[in-house]
Amino acid sequence: MTDPSVAATIQIGASPQRVYGLITDLPTLASLAEEAVAMQLRKGDGIHAGAVFVGHNKNGGRRWKTTCTVTDAEPGRIFAFDVRSAMIPVSRWQYDLVTTDGGCRVTESTWDRRPGWFRKIARMATGVKDRAAANAEHIQTTLQRLKQRAEAG
């Protein structure tokens, strides 16, 4: 796999199992993310490879939906999903968890998979001109919120 478009890492004073539980609980993950306002399981009986969920997103007055397919779901280790708009690939999001003394290290990464012709359409739909810069900022925010929630117990 190629290097991610954007990634950041944070140390969290909670077990990888606790953190994994938070990021795989779709309402919680939506509450931690910046653009996501809701995530709803659509196919599958829980979070596992092959499960499908719908992401409801918002930026200012703009709203859009995406379809997400879980590709990796290993408790305490990795959670990842591919994102599509209709049938068009948009991105991949991944959370890697590594056990450390006193907790875990979490890396959130994303890969921009939009075809070149779709980027202009996506920019108009979402209102985001520089997706990499926005994602870098959003990842920092998400990781800080995750740390606060996980460490609060």
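Predicted model: local features only at pLDDT ≥ 70, side-chain atom pairs only at ≥ 80, totals over all residues.
Side-chain values use heavy atoms, without hydrogens and water, and residues are numbered from 1 along each chain as its sequence is written.

**Aromatic pairs**
- Searching the whole structure turns up four aromatic pairs (ring centres within 6.5 Å, using the six-membered ring of Trp; planes under 30 degrees apart are stacked, over 60 edge-to-face, the rest tilted).
- Phe53 and Phe81 have ring centres 5.1 Å apart and planes at 70 degrees, so they go down as edge-to-face.
- That pair links distant parts of the chain, 28 residues apart: Phe53 is in strand E3 (residues 52-59) and Phe81 in strand E5 (residues 78-85), strands being DSSP runs of at least two residues, numbered from the N terminus.
- Both Phe53 and Phe81 are buried.
- For Trp117 and Phe118, the centres are 5.6 Å apart and the planes at 75 degrees, so this pair is edge-to-face too.
- One aromatic cluster is formed by Phe53, Phe79, Phe81 and Tyr95.

**Charge over a ring**
- Arg92 has its charged end over the ring of Trp111, 5.8 Å from the centre (the cut-offs: NZ of Lys or CZ of Arg within 6 Å of the ring centre and within 35 degrees of the ring normal).

**Exposed Met**
- Met124 counts as exposed, at 55% relative accessibility.

Terms used:
Helix = DSSP H or I, 4+ residues; strand = E, 2+ residues; numbered from the N terminus. Buried < 20%, exposed > 50% of the residue type's maximum accessible area, 1.4 Å probe, protein only.
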